[in-house]
Amino acid sequence: QQQVKQSPQSLIVQKGGISIINCAYENTAFDYFPWYQQFPGKGPALLIAIRPDVSEKKEGRFTISFNKSAKQFSLHIMDSQPGDSATYFCAAIISGNTPLVFGKGTRLSVIA
Amino acid sequence: DTEVTQTPKHLVMGMTNKKSLKCEQHMGHRAMYWYKQKAKKPPELMFVYSYEKLSINESVPSRFSPECPNSSLLNLHLHALQPEDSALYLCASSQGWANEQYFGPGTRLTVT
């Protein structure tokens, strides 16, 4: 129940294309869903986050789509660039109750 | 400023050495975390301090000893480590327990 399932494990996208990473959860008590971006040898950086009362959140080229009934959320990267090549982790948390639960990560490669 | 700093960036130590990792944040956050991350894996929670008190120890071996001298600082004391402890050690902080977390750049630890 505490798991967050992330797919795909790896993704190759052409420059300018759309990258889509999906996550699913079981515990309906989760109330905050952040995405982290991690470059090799660096710490994860908070990229964008959403709460379940919102179906979509956009920040620049990054959009989170949230489907509460399906217990799924996804990250869309529009106009993907080689500089977006990194590992992306979705996560979930019950605010004030449990630590972050991470997905297993998606390694994104954007090729020119 | 959402910066968490960690020192050193890299550390190589023998199995009989004693060393410490340091973490600092000046965001006024009251929760601080230690994570261990192996290659191609998500961060794995080790310890959580909330209001300078240890609130979670995820069954971490005693060769890892955390310390929170004040609300801005977090240390991880290392002693008699094993080669399998080689990993990226990440510090994170959040405003309150189980809130949005900000990660430091990590310390790359190699145990020889």
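Within chain B, strand β9 (residues 87-94) and strand β11 pair in the antiparallel sense over three bridges, where strands are DSSP runs of E of at least two residues, numbered from the N terminus, and two of them pair if DSSP finds at least two bridges between them. In this pairing, B:A87 stands opposite B:L109 of β11(B). The model is a predicted one, in which local features need pLDDT of at least 70 and side-chain atom pairs count only at pLDDT 80 or more, while totals for chains, interfaces and linings use all residues. Residues are numbered from 1 along each chain as its sequence is written, chains are lettered from A in the order in which they are written, and side-chain values use heavy atoms, with hydrogens and water left out.

Strand β11(B) also pairs with β2 (residues 10-13) of chain B, to which it runs parallel and is joined by four bridges; here B:M13 has B:V111 as its bridge partner. Spanning residues 107-111, β11(B) has a covered face made up of B:T107, B:L109 and B:V111, whereas B:R108 and B:T110 form the uncovered one.

Turning to the two chains, the contact (heavy atoms within 4.5 Å) takes 21 residues from chain A and 20 residues from chain B. On the side of chain A, A:P44, A:P99 and A:F102 lose the most area to chain B, together 28% of what that side buries. Between the chains, the count of salt bridges is zero, a salt bridge being a side-chain nitrogen of Lys or Arg within 4 Å of a carboxyl oxygen of Asp or Glu.

How values were computed: Buried < 20%, exposed > 50% of the residue type's maximum accessible area, 1.4 Å probe, protein only. Buried area = accessible area lost by both parts, 1.4 Å probe.
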